[in-house]
Amino acid sequence: TGAQVYANCAGCHGPQGEGNPPTFPPLKGHVEKLLKAEGGRTYLLLVILYGLQGPIRVEGKEYAGIMPGFAWLSDEEIALVLNHLAGWGAPQGFKPYSPEEVKAARAKTLSPEEVLKHRQGLKLP
Ligand code: HEM
């Protein structure tokens, strides 16, 4: 299940996605904003696959850490964990991630710095 895959994330982001500032940003209450932004759905998928290297601003706080990528998880596991995050809040009409969508995102390998550039192109509130 998505909750089982989320065990890989809980050590840093907290069992309930509450985060652990100043190093680990919250996911609960925040991922919904990423999903609402144009391009945010793809960005979220890229973070899990390839990781992220800061600096970023989340809920008014600065983070400048490094998240490792999880490309070693299966397409199905990544889809499950993304849908688990979306379970904490997603825009109306949200379509669950599919393993096929994850597979397609593996076509180009990105560095965590390149994923940051992707984030900088999002219009976040
Ligand atoms: C950032 C999800 C595992 C450390 C993020 C972001 C997401 C995310 C969506 C980006 C937030 C944003 O752009 O606003 C996940 C998921 C995980 C996971 C779903 C499990 C599959 C981990 C683990 C660590 C970690 C295990 C620690 C070793 C971080 C850090 C950042 C971050 C430090 C911020 C990076 C920066 O400052 O640029 N995570 N994460 N994450 N994650 Fe994770």
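1. Let's start with a term you will need: a residue is buried if 20 or more other C-beta atoms lie within 10 Å of its own, exposed if 12 or fewer do, and partly exposed in between, with C-beta atoms placed from the backbone. By this count, helix 3 has these buried residues: Gly40, Leu44, Leu46, Val47, Ile48, Leu49 and Tyr50. For the protein as a whole, 21% of the 125 residues count as buried.

2. A word on the model and its numbering. This is a predicted model, in which local features need pLDDT of at least 70 and side-chain atom pairs count only at pLDDT 80 or more, while totals for chains, interfaces and linings use all residues. Residues are numbered from 1 along each chain as its sequence is written.

3. Now the overall layout. The protein has 6 helices and 4 strands, and from the N terminus on they run α-α-α-β-β-β-β-α-α-α. Here helices (H or I, at least four residues) and strands (E, at least two) are DSSP runs, numbered from the N terminus. The radius of gyration (taken over C-alpha atoms) is 13 Å, close to the 14 Å of the globule rule (2.2 Å times the number of residues to the power 0.38), so the protein is as compact as a globular protein of 125 residues. Its C-alpha trace spans about 35 × 30 × 30 Å along the principal axes.

4. What do the buried residues of helix 3 pack against? Their partners are helix 2 (31-36), strand 1, strand 4, helix 4, helix 5 (99-105) and helix 6 (112-120). Two residues are in contact if their C-beta atoms, placed from the backbone, lie within 7 Å. Of the contacts in the protein with a separation of 6 or more, 64% are between residues 24 or more positions apart.

5. Have a look at helix 1 and helix 4 next. Their axes come within 8 Å and cross at roughly 90 degrees; axes are lines fitted to C-alpha atoms, for helices over the stretch in contact, and angles run from 0 to 180 degrees between N-to-C directions. The two helices are therefore roughly perpendicular, the word for angles of 65 to 115 degrees. On the helix 1 side, Gly2, Ala3, Val5, Tyr6 and Cys9 meet Glu77, Leu80, Val81, Asn83 and His84 of helix 4. This contact has 6 nonpolar, 3 polar and 1 charged residues.

6. Which residues come nearest to the ligand? Among the 28 around it, they are Cys9, Cys12, Gly54, Gly65 and Met67; a residue is near a molecule if its C-beta atom, placed from the backbone, lies within 6 Å of it. Elements giving two or more residues to this shell include helix 1 (2-13) and helix 4 (75-86). Helix 1 gives the largest share, 5 residues. By class, the shell has 20 nonpolar, 7 polar and 1 charged residues. Ala, Val, Leu, Ile, Met, Phe, Trp, Tyr, Cys and Pro count as nonpolar, Asp, Glu, Lys and Arg as charged, and the others, Gly among them, as polar.

7. Finally, some backbone details. The peptide bond from proline 21 to proline 22 is cis, with omega near 10 degrees, and proline 22 sits in the loop between helix 1 and helix 2. Another cis bond joins glycine 54 and proline 55, with omega about 5 degrees; proline 55 is in the loop between strand 1 and strand 2. Glutamate 59, a residue other than glycine, has a positive phi near 50 degrees. Glutamate 59 lies in the loop between strand 2 and strand 3 (61-63) and is exposed, with 12 other C-beta atoms within 10 Å.

Notes:
Parallel < 35°, antiparallel > 145°, perpendicular 65-115°, else oblique.
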